[in-house]
Amino acid sequence: MKRVLLFLVTNLAVVLVLSIVASLLGVDQFLTENGLNLGMLLAFAAVIGFGGAFISLLMSKFMAKWSTKARVIKNPSSSTEVWLVDAVAKLASKAGLPMPEVAIYDGAPNAFATGATRSSSLVAVSTGLLQSMTREEVEAVLAHEVAHIANGDMVTLTLIQGVVNTFVIFLSRVVGFLVDSFLRRNDSHSSGPGVGYMVASLICQMVLGVLASIIVAWFSRQREFRADAGAASLLGTPLPMQNALRRLGNLHTEPLPQNMAASGIAGGKEGIKALFATHPPLEQRIAALDRK
């Protein structure tokens, strides 16, 4: 419940901040007496679309720590923690990256990487993953997460999210304006947007939002293939990554909180749900590594 509340409060705060920014920039005045100012509408859509995506990116590490209750390892207190920090350090060095923060959290087998930049990243693994995998398999998972950081996947996905957000906002307002103009074509006494504009914009934004989610999910699945390949490159062989994926297929995994679902190693769905999945099926990932 606390996670849901934080998610809602955070999103409301982001919307409020972006609305104020758009107002200060004057780009929220895209509906004029002469019709729709497309240039100003595009600017408004970009402020809201990219602004929300980049604020989420900047908050990603804090939100990940808070929502999973991850504990950053500052002074390793066990042989497992010493090994974990050393393994990440070696992989980061091989990938040419600054040392990420390393954390452990209580939960079912999973792991994730997050952070706004390569120099302020976080790699976290669950206690369930450490308990159910061999060290070679855990190292493969760590290599996968380090590859995400090296590939700049967090920023790339943010840019893609910003682009699709912008077009969803822009097109939904255009459609809303056209529908409203059609409904009021014989009414010469009214001015400003009517109910038709608000209803059509809302419906269109919901429909386009679903299509946008499919696009973003597709890009997310492609980055998982690249991170698997990156792990194979860092380790010098694809076998540990394949073994880790096979192990995941035999374990009970749980999704990460919604705001960071694309960050985990576990995932993948079949059927129509696969269109919205942030991860490809494990079988496809294993098969793709056979071609490396």
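Modeller: Let's start with Arg247, which is partly exposed, with a relative accessible area of 32%. Here buried means under 20% relative accessible area, exposed means over 50%, and partly exposed is in between (1.4 Å probe, protein chains only).

Biologist: And how should I read the model itself?

Modeller: This is a predicted model, where local features need pLDDT of at least 70 and side-chain atom pairs count only at pLDDT 80 or more, while totals for chains, interfaces and linings use all residues. Residues are numbered from 1 along each chain as its sequence is written, and side-chain values use heavy atoms, with hydrogens and water left out.

Biologist: Back to Arg247, then: which side chain does Arg247 meet in a salt bridge?

Modeller: That would be Glu137, at 3.0 Å from N to O. A salt bridge means a side-chain nitrogen of Lys or Arg within 4 Å of a carboxyl oxygen of Asp or Glu. The pair links distant parts of the chain, 110 residues apart: Glu137 is in helix H5 (residues 135–150) and Arg247 in helix H8 (residues 239–249). Helices (H or I, at least four residues) and strands (E, at least two) are DSSP runs, numbered from the N terminus.

Biologist: Is Glu137 buried or exposed?

Modeller: Glu137 counts as buried because its relative accessibility is 7%.

Biologist: How many salt bridges does the structure hold?

Modeller: Eight. One of them joins Asp153 and Arg226, at 4.0 Å from N to O. Asp153 is buried at 3% relative accessible area, whereas Arg226 is partly exposed at 42%.

Biologist: You mentioned H2 and H6. At what angle do those helices pack?

Modeller: About 145°, with the axes of H2 (residues 38–68) and H6 (residues 153–183) 8 Å apart. The axes are lines fitted to C-alpha atoms, for helices over the stretch in contact, and angles run from 0 to 180 degrees between N-to-C directions.

Biologist: What classes of residue are in that contact?

Modeller: The contact of H2 with H6 has 18 nonpolar, six polar and one charged residues. Ala, Val, Leu, Ile, Met, Phe, Trp, Tyr, Cys and Pro count as nonpolar, Asp, Glu, Lys and Arg as charged, and the others, Gly among them, as polar.

Biologist: New topic: what's going on with the phi of Lys69?

Modeller: Phi of Lys69 is near 60°, a positive value in a residue other than glycine. Most residues other than glycine have a negative phi. Lys69 is in the loop between H2 and strand E3 (71–72), and at 70% relative accessibility Lys69 counts as exposed.

Biologist: And Gly26, where is that found?

Modeller: Gly26 is in the loop between helix H1 (2–25) and strand E1 (31–32). Gly26 is partly exposed, with a relative accessible area of 24%.
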